[in-house]
Amino acid sequence: FKVLVGLPQTYLNIVQRWDDGLITDVLGFLRQHWTMAVYYDKYQGFIENLKGKFRRQRDIQMLSEYILEHVQAENVDQIDESRRKRYGVEVTAETQQMVQLEL
């Protein structure tokens, strides 16, 4: 779990999920299958690489601006599942393919 040290608390949304009652066992949550990527030694490099590429993708820039405006205008702490799905539709096939090629 040492790779989690220094990451922002919003990285896995643990605090918010705890407050919402979605997590009752933090260690169990951190041991779930989907979290294994976070513990992989090359994961942070992968994320940084994607961030660099995303900065050059116009669809991601526009989506980021839109989400930031939404969060500020409505003063929300997190984005609900329905909005996340709606935002995902805005990502172009080119960007989706770029991410898949990085995997």
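Reader: In which helix is Ala93 found?

Author: Ala93 belongs to helix H7; a helix here is a DSSP run of H or I with at least four residues, a strand is a run of E with at least two, and the elements are numbered from the N terminus. The model is a predicted one, in which local features need pLDDT of at least 70 and side-chain atom pairs count only at pLDDT 80 or more, while totals for chains, interfaces and linings use all residues. Residues are numbered from 1 along each chain as its sequence is written, and side-chain values use heavy atoms, with hydrogens and water left out.

Reader: Why is Ala93 called exposed?

Author: Its relative accessible area is 59%. Exposed means over 50%, buried under 20%, and partly exposed in between (1.4 Å probe, protein chains only). The value of 59% therefore places Ala93 among the exposed residues.

Reader: Where does Thr92 lie, and is Thr92 buried or partly exposed?

Author: Thr92 sits in the loop that joins helix H6 (81–89) to helix H7 (93–102). With 34% relative accessibility, Thr92 falls in the middle class and so counts as partly exposed. Between Thr92 and Asp59 there are 6.7 Å from C-alpha to C-alpha, although 33 residues separate them in sequence.

Reader: How many aromatic pairs are there?

Author: The count is one aromatic pair, where rings of Phe, Tyr and Trp (its six-membered ring) pair if their centres lie within 6.5 Å.

Reader: What makes the pair of Phe29 and Trp34 edge-to-face?

Author: The ring centres of Phe29 and Trp34 are 5.5 Å apart, and their planes meet at 70°. Planes over 60 degrees apart count as edge-to-face, under 30 as stacked and the rest as tilted; the angle of 70° therefore makes this pair edge-to-face. Of its two members, Phe29 is buried because its relative accessibility is 5%, whereas Trp34, at 43%, is partly exposed.

Reader: How do you know that the length of H4 agrees with its number of residues?

Author: The expected span is 1.5 Å times one less than the number of residues. For the 12 residues of H4 this gives 16 Å, and the end C-alpha atoms are 16 Å apart, so the two agree.

Reader: Which residues of H4 are buried, and what covers them?

Author: Tyr43, Ile47, Leu50 and Gly52 are the buried residues of H4. Their cover includes H3 and H7.

Reader: What is phi of Asn13?

Author: Phi of Asn13 is near 55°, which is positive although Asn13 is not a glycine. Most residues other than glycine have a negative phi. Asn13 is located in the segment before H1, and its relative accessible area of 25% makes Asn13 partly exposed.

Reader: What can be said of the whole chain, including how many helices and strands there are?

Author: The chain has seven helices and zero strands, in the order α-α-α-α-α-α-α from the N terminus on. Its C-alpha atoms fill a box of roughly 40 × 35 × 20 Å, taken along the principal axes. Of its 103 residues, 22% are buried. Among contacts (heavy atoms within 4.5 Å) with a separation of 6 or more, 54% link residues 24 or more positions apart.
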